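User: I'd like to go through this one with you, starting with how it is put together. Here it is.

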Protein chains: 2
Amino acid sequence: MTDPIPAILDRIDADQSRAQDRLKELLRIPSISTDPEHDDDCETAADWLVAELTHLGFDASKRTTPGHPMVVAHGGAGDRHVLFYGHYDVQPVDPLSLWNRDPFDPAIDQTPRGPVIRGRGASDDKGQLMTFLEACRAWKDETGGLPCRITILFEGEEESGSPSLVPFLKANKEELTAELALICDSGLYDDRVPAIVTTLRGLLGEELTITGPDRDLHSGIYGGPAINPARVLTRILGNLHDDQGRVAIPGFYDGVGEPPSQVKQGWKDLGFSTEAFLGDIGLSHPAGEVGRTGLEQLWSRPTAEINGISAGYTGAGFKTVLPSAATAKVSFRLVGGQDPLRLREAFRDWVIAQMPPDCHVTFKDHGAAPASTMATDSPIFAATQLALTEEWGHQAAFVGAGGSIPIAGYFQQVLGMESLLTGFARDDDAIHSPNEKYDVQSFHKGIRSWARVLGRIA
Amino acid sequence: MTDPIPAILDRIDADQSRAQDRLKELLRIPSISTDPEHDDDCETAADWLVAELTHLGFDASKRTTPGHPMVVAHGGAGDRHVLFYGHYDVQPVDPLSLWNRDPFDPAIDQTPRGPVIRGRGASDDKGQLMTFLEACRAWKDETGGLPCRITILFEGEEESGSPSLVPFLKANKEELTAELALICDSGLYDDRVPAIVTTLRGLLGEELTITGPDRDLHSGIYGGPAINPARVLTRILGNLHDDQGRVAIPGFYDGVGEPPSQVKQGWKDLGFSTEAFLGDIGLSHPAGEVGRTGLEQLWSRPTAEINGISAGYTGAGFKTVLPSAATAKVSFRLVGGQDPLRLREAFRDWVIAQMPPDCHVTFKDHGAAPASTMATDSPIFAATQLALTEEWGHQAAFVGAGGSIPIAGYFQQVLGMESLLTGFARDDDAIHSPNEKYDVQSFHKGIRSWARVLGRIA
């Protein structure tokens, strides 16, 4: 049989503009999972994917959960069986004023670095998951079918802590277990070098609200004797790090460890420039733990970050109010064997121990997932590395990732299935930020990459 | 000539419900001075007052400023000449969800402690200024005129730092200078005891915005090496006070001093209960400087307070964002000879010295006014104390005030005119807070008080 890959790649090249139109259609659905006002939009996005997958010959269905639905689909046949994972939900879009267009009216923008598809979710993760669908489409259109057995799982709660995921995996263990999971939610190493992620940081999300007086007070009448919860909150959060940039919660570094020396060597060989990395976002000084390289701070060291804080009057002008409550959202990136549930308790205990008289703190759980380390010995790893190297003309790098893709850990724990993470996002995609984009080249070469990977796997 | 006071008081008693209706009419105008969306409402409130004053026989006019207009009026005749000051602007109303009615649709609410007029500005300061207008009305209706020469000055920027006030006083010095200013923007000592304020804290308002990365970042991709402005802001504000509750800015206590011993003795004689004061707002522990009484913390010690703070994602759910900026509104209550302009510089220097590499801070000036000490030797002071004591049946107390009424200092500095501050607000009026109210009794006895004060002054 002739190698179908050249014809498939030609087909992908010829179909570029229609592929972009299909992605734009999906991007127009404002499926913000964390905001209850967008519940219906999440349903709509799931329905859209079921229809697309059905059209591609998959046996696809929308599966209800207590939260947003999952999309599950089965296609192809053969000995090799992979599961492909992506998520159709997106981050909120505020501050809306910083977008240069409606986040849900996507379009191709010309930039000095080439054309990009601009819109919320373009890179995280709708653009990425569509690279795989479009690769499947090219295989089907060219050869009449898929080259191997493929199960697809699209989630709608990745941006809001995946509360329904583990129960769903447990309830559908047999149906969802494949030889290996392909997860497309990560980036290129740089514009030219594709990457396979072999370590991922975990994530712990917490929200704390400190209350004091039973109502907002006038700072003239009560300022002095009345406790101000905003003062208590800033004092606590201001002590979250010590002078060396280390997190000050007792026991926080239990289980952190150091990466193996050959891994650290591999990172050195990448020639990563912390200066260039930070320069892209207008910074010049690494602000993490003193004595650690930029890549260590990103890939092998845990963090604590304030993601949001609010109290009192924050509108235009001024209001001399003593707020009755102050709130912060705090998250921790975890590495190695850090136990998220134990850290949640340690964080809460640490905060509670600092409550002054008359103040009360409540906590809200925003998800917890441990860090992951991939097993890289599957033949599919080698096949994928080869296919990516062929498409990009540079050896695919094994990298760490600072972000959290808890799904890899869940696949391992619940299904006993290892994962391979690769993707085509770029550092400047502004995911989770205003003006998110996905390079047209990422989208196009991403589709070509998956077409080649499927061929190599099969 | 018969003493007209008994008939005037009877008239005030008979006119109660119409007086309330007139106040409600003024309260319906949402004259929030700090919010540019309400500029027109401030004009409307000024027009309404000009019309009322004209109806009362005053020569009244609205006077433009670069900000909201002043209302100036002249009435009566004779040797004695007082100026009456009040402000028609009000505080913002957020959080709106905590109001039990539309803040600008006032009504009489029955409460366990008696009927109250509920609405934004009911106590601060529309209800209070209307006590004086209604007293003038009763004098005019009963005797055909006012008992002495009265100049009226109503301001529309008191809640937003009074930017136009000093230039206006300077430009209209001769027209506005009287023997003494009567300022009605303070409270009773308690439900039964009227009070004349003899010391006032000053106020310094500052807003600071710390910026770092040139856009919001994903905390997975950048968390570690990228500086987080929210972390920088909480660290700085968390160090605003030391462990003794003292403000940590170098030089902050320069000029603070101690009140004279007879003043401190007078405060002791009041039998103030810090426990009861804090108990009213759900607190039990004085949170100000260690080793100071509750009244000292309120009346003779300076403070630093966070009035508002915001950064990152503060909506429902969670967003793993590293915010590119963090903002806080901070105010200082000043006492004695503290120099607000020097403290502004000291605060800014203190913040700037704590900026890490890659972070930049900008400041916004939200007003500065020194503390004031009243000269209590005018015969009008004695007359007012006597009239208040007659109306309330308890000796009017000389008290300090924790709030800032910078106008008294401006009258002193610009016009060389001393002020007398009295008013009928109560501690639980919730001024600057949701559900602001003014007791019907405060309003009614306030009108009667002014009617008596005008009689005694004349």
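User: What does the domain assignment of chain A give?

Analyst: Domain 1 covers 5-200 + 371-457 and domain 2 covers 202-253 + 299-366; the bounds come from an automatic or database domain assignment. This is a predicted model, in which local features need pLDDT of at least 70, side-chain atom pairs count only at pLDDT 80 or more, and totals for chains, interfaces and linings use all residues. Residues are numbered from 1 along each chain as its sequence is written, chains are lettered from A and ligands numbered from 1 in the order written, and side-chain values use heavy atoms, without hydrogens and water.

User: How far apart do the C-alpha centres of domain 1 and domain 2 of chain A lie?

Analyst: They lie 35 Å apart. In contact (heavy atoms within 4.5 Å) are 10 residues of domain 1 of chain A and seven residues of domain 2 of chain A.

User: And how much do domain 1 and domain 2 of chain A bury between them?

Analyst: About 650 Å², with 54% of it on carbon and sulfur atoms. Buried area here is the accessible area (1.4 Å probe) that two parts lose on being put together, summed over both. A:Ala371, A:Gly400 and A:Ser404 supply 59% of what domain 1 of chain A buries against domain 2 of chain A, more than any other three residues.

User: Why do the copies meet through the same surface?

Analyst: Because 100% of the interface residues of chain B are also interface residues in chain A.

User: How many residues of each chain are in contact, and what area is buried?

Analyst: 88 residues of chain B are in contact with 88 residues of chain A. The buried area is about 7,800 Å², of which carbon and sulfur atoms give 54%. In chain B, B:Pro225, B:Arg231 and B:Phe318 lose the most area to chain A, together 11% of what that side buries.

User: Salt bridges there, how many?

Analyst: Two between chain B and chain A. The side chains of A:Arg235 and B:Asp243 meet in a salt bridge at 2.8 Å, N to O.

Conventions: Salt bridge = Lys/Arg side-chain N within 4 Å of Asp/Glu carboxyl O.
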